[in-house]
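Reader: I am new to this structure and would like to learn how to read it. Could you take me through a few of its features one at a time?

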Amino acid sequence: MTDEQARVDPRTRRTLEALTAAMAELLPTTPLRQISVARLCRTAGIHRTTFYKHYDTVGEVAAVVVEDLTEGLTPAAGGSHDTFAEWLDALLGYVGARRVVLTGLLGPDGDPALVRALCDHLVDRAEDYLRAAVARQGGEDVGTDLRTAARVVGFASYGAVEATLADGLEVRADSYLAALPMPWSDLLAPVPVGV
């Protein structure tokens, strides 16, 4: 929970939690585009007028679920994900554990805008880690500009997310990173202990 969420009135927080829980309950059996405000409210046990105090569409509730995913995995300064590989493993573990719900949001019956929002987040995180790795290596040239490299790595990371969602595969960052071109794979791979 973010600091802003912690300051929200407890009743509002309960309402928002009820809506996201209802979304999670409905997604395994109902495509996102078929979830109406009325059905979401019935499942959450709230009145439609309460819903409209906080959101305009069901898609906005779905966006909150995806935003919680990305915020929960964004390392704070000095956070626990020191390498891109650690961060990607945490993301893929989270996705795998919530596969049924996230497939409803990001899979074939999900919302393309949510997929794009997640991809944009993956690109931003890849750029953060690439910049940090290049700085640690004294500004080494990666063969292209970092934003382009970040786009390739970020969108490819979504491929790992999609494999986890679609196939239920347990994708690991080390195998994914080994498939990236050099020097990106070296920059993003875990640094061996003692090096």
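**Reading a helical chain**

Reader: Why do Cys41 and Cys119 count as buried?

Author: Buried means under 20% relative accessible area, exposed over 50%, and partly exposed in between, with a 1.4 Å probe and protein chains only. Cys41 counts as buried because its relative accessibility is 2%, and Cys119 counts as buried because its value is 5%. Of the 195 residues of the chain, 40% count as buried. This is a predicted model, in which local features need pLDDT of at least 70 and side-chain atom pairs count only at pLDDT 80 or more, while totals for chains, interfaces and linings use all residues. Residues are numbered from 1 along each chain as its sequence is written, and side-chain values use heavy atoms, with hydrogens and water left out.

Reader: How many disulfides are there?

Author: A disulfide is a pair of cysteine sulfur atoms within 2.5 Å, and by this rule the count is 0.

Reader: Which secondary structure does the chain have?

Author: Helices (H or I, at least four residues) and strands (E, at least two) are DSSP runs, numbered from the N terminus. The chain has 11 helices and 0 strands.

Reader: Which residues of α7 meet α9?

Author: Contact means heavy atoms within 4.5 Å. In α7, Arg99, Leu102, Thr103 and Leu106 meet residues of α9, including Tyr158 and Leu165. Across the chain, residues 24 or more positions apart account for 63% of the contacts with a separation of 6 or more.
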